[in-house]
Structure formats: C-alpha cells, structure tokens
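Please look first at the sequence and the three-dimensional structure shown below.

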Amino acid sequence: MASIDDATDLGELFHAAFRGLRRTWSQQLAPWELTPHQWRALMTLQRNRPAPGEPVPGEPAPAQQERAQPDVSPGSASCNAANRNAANCNSGASGAVGVTRLKDLAERLRIAPRSATEVVDQLEAKGLLCREPDPTDRRAKLIVATDAGAELYNSIRAERRDKSTEYFATLNAHDRAELARILGQLPH
C-alpha cells in the first residue's frame with residue numbers, strides 16, 4: 001500500500017475515488033434518461049420532505065384536500081398539494097414544505113440560473129416537477145416535485161445506495177467503518 005506524504009496526495013486519492021463512484025452513478029441514471037444535473041435538482045427538491053401521511057405545514061389536512069387530481073402535465077397552471085410530494089422549502093417564501101424558487105435551486109446546485117431553468121424545463125417535461133406561482137411574489141415561480149418525481153427519486157436512491165454498498169464492498173467492515181468515521185470529521 002502506498003504511503004501518503006501530504007494532503008495533496010490525499011486529495012487526489014479522494015478525488016479519484018469519487019470520480020469512480022460518480023461514473024457508476026451516471027451509468028445508473030441512464031435507464032431513467034436523467035442527467036447528473038437533473039438528478040441533483042430532483043434530489044435537492046426531495047431533501048427533508050415530510051414522510052408519507054405526515055402533515056405539511058400550511059397545507060390543508062388530507063381530508064380537506066381536493067378529491068380530484070389536478071392536471072400536473074407540462075404547462076399546466078398548477079400542481080397543488082394533492083399532487084406534490086416535495087422537499088424542504090428553501091426560500092421560506094411559502095408556508096408549505098416542498099417548494100423552492102428557481103434562483104434558490106440554482107444556488108443549491110451551484111449553477112447559473114439560466115442553466116437551472118433548462119434543468120427544470122427538462123424535469124417538468126418529464127412530469128417530475130412543476131411550477132407554481134409564489135404567493136409572496138407574483139413575479140416568481142416555485143418549483144415543486146410531483147408524486148412521479150418523488151417515486152422516481154425513491155427508486156433511484158434505493159438503487160444508488162445498493163451501488164454504493166457494492167462499490168465500498170472491496171473494503172472490509174472495519175475499514176468501511178473507519179472511512180465513515182474519518183469522512184464524518186471533514187467539513188461538509
């Protein structure tokens with residue numbers, strides 16, 4: 001085993017390992033016809049979302065929600081709470097959990113707003129998210145994951161976890177635990 005003389009070598013080794021893992025993840029997204037940027041956007045919307053059946057702050061209780069399923073197809077005017085299972089409200093603009101503004105999504109993804117618009121357009125065309133008017137700013141739109149987006153996210157996440165387990169299986173249990181401990185100490 002090679003010795004590590006300085007932090008540069010560690011950084012290069014870590015980057016090489018991450019590239020290998022990321023290549024595996026990119027190949028994994030291919031059957032769903034998702035790019036890594038699309039996956040990251042969907043993942044960002046799904047983070048910290050309420051558990052199924054858990055009430056969403058600012059939303060009516062399930063018994064009070066509309067019974068009819070509204071149109072959430074691309075270009076539809078609304079995708080209300082009955083059809084969205086989304087993530088944490090990043091903007092704080094709405095009282096509902098599961099929405100974010102486009103500019104906030106771009107910041108979270110560390111991409112230009114115009115690039116985020118392209119990613120959102122692509123995911124909206126696939127029916128995985130939709131845009132809603134921001135109740136606090138009529139010029140802004142909120143990005144919301146649909147039920148289909150939530151289902152796809154859960155499927156990919158489970159498979160991704162399996163691929164990660166397979167990738168790290170070359171390490172014994174003690175080394176995996178030690179790696180997790182060490183990585184947990186690094187700043188996120």
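A residue is called buried when its relative accessible area is under 20%, exposed when this area is over 50%, and partly exposed in between, with a 1.4 Å probe and protein chains only. The model is a predicted one, in which local features need pLDDT of at least 70 and side-chain atom pairs count only at pLDDT 80 or more, while totals for chains, interfaces and linings use all residues. Residues are numbered from 1 along each chain as its sequence is written, and side-chain values use heavy atoms, with hydrogens and water left out.

Arginine 110 is exposed, because its relative accessible area is 77%. Arginine 110 is placed in the loop between H3 and H4. Here H marks a helix and E a strand: helices (H or I, at least four residues) and strands (E, at least two) are DSSP runs, numbered from the N terminus. Glutamate 33 is likewise exposed, with a relative accessible area of 63%, and lies in the loop between H1 and H2. Most residues other than glycine have a negative phi. Arginine 110, however, has a positive phi of about 60 degrees although it is not a glycine, and the phi of glutamate 33 is near 55 degrees, also a positive value.

The next topic is the interior. A nonpolar core is a set of buried Ala, Val, Leu, Ile, Met, Phe, Trp, Tyr and Cys residues joined through side-chain atoms within 4.5 Å. The largest such core has 22 residues, and those with the most contacts inside it are Leu34 and Leu123. Two or more residues of this core are given by each of helix H2 (36-46), helix H3 (102-109), helix H4 (113-125), strand E3 (137-145) and helix H5 (147-168). The largest share, five residues, comes from H2. Which residues does leucine 123 touch, not counting residues up to four places away in sequence? Where contact means heavy atoms within 4.5 Å, leucine 123 touches Leu34, Gln38, Ala41, Leu42, Leu128 and Leu129.

Rings of Phe, Tyr and Trp (its six-membered ring) pair if their centres lie within 6.5 Å; planes under 30 degrees apart count as stacked, over 60 as edge-to-face and the rest as tilted. A search of the whole structure finds three aromatic pairs. In one of them, the ring centres of phenylalanine 18 and tryptophan 25 are 6.3 Å apart and the planes stand at 80 degrees, so this pair is edge-to-face. Phenylalanine 18 counts as partly exposed at 38% relative accessibility, whereas tryptophan 25 counts as buried at 16%. The rings of tryptophan 39 and tyrosine 153 have centres 5.5 Å apart and planes at 15 degrees, and therefore the pair is stacked. This pair links distant parts of the chain, since tryptophan 39 is in helix H2 and tyrosine 153 is in helix H5, 114 residues apart. Tryptophan 39 is buried at 4% relative accessibility, and tyrosine 153 is buried at 6%.

Helix H1 (residues 7-29) contains glutamine 28. Glutamine 28 is buried, with a relative accessible area of 4%. The residues it touches are Ile156, Glu159, Arg160 and Lys163, not counting residues up to four places away in sequence. The side chain of glutamine 28 also reaches the backbone oxygen of isoleucine 156 at 3.3 Å.

The strands complete the picture. Two strands pair if DSSP finds at least two bridges between them. Strands E2 and E3 run antiparallel and are joined by six bridges, and they form a hairpin with two residues between them. Within this pairing, glutamate 132 has leucine 142 in E3 as its bridge partner. Strand E1 (residues 99-101) pairs with E3 in the antiparallel sense over three bridges, and threonine 100 stands opposite isoleucine 143 in E3. Why is strand E2 described as largely enclosed by the rest of the structure? The reason is that five of the six residues of E2 (residues 129-134) are buried. Aspartate 134 is found in strand E2 and is buried, with a relative accessible area of 3%. A polar contact is a pair of N or O atoms within 3.5 Å; within protein, one must be able to donate a hydrogen and the other to accept it, and residues adjacent in sequence count only if both atoms are side-chain atoms. Such a contact, of 2.7 Å, joins the side chains of aspartate 134 and arginine 101.
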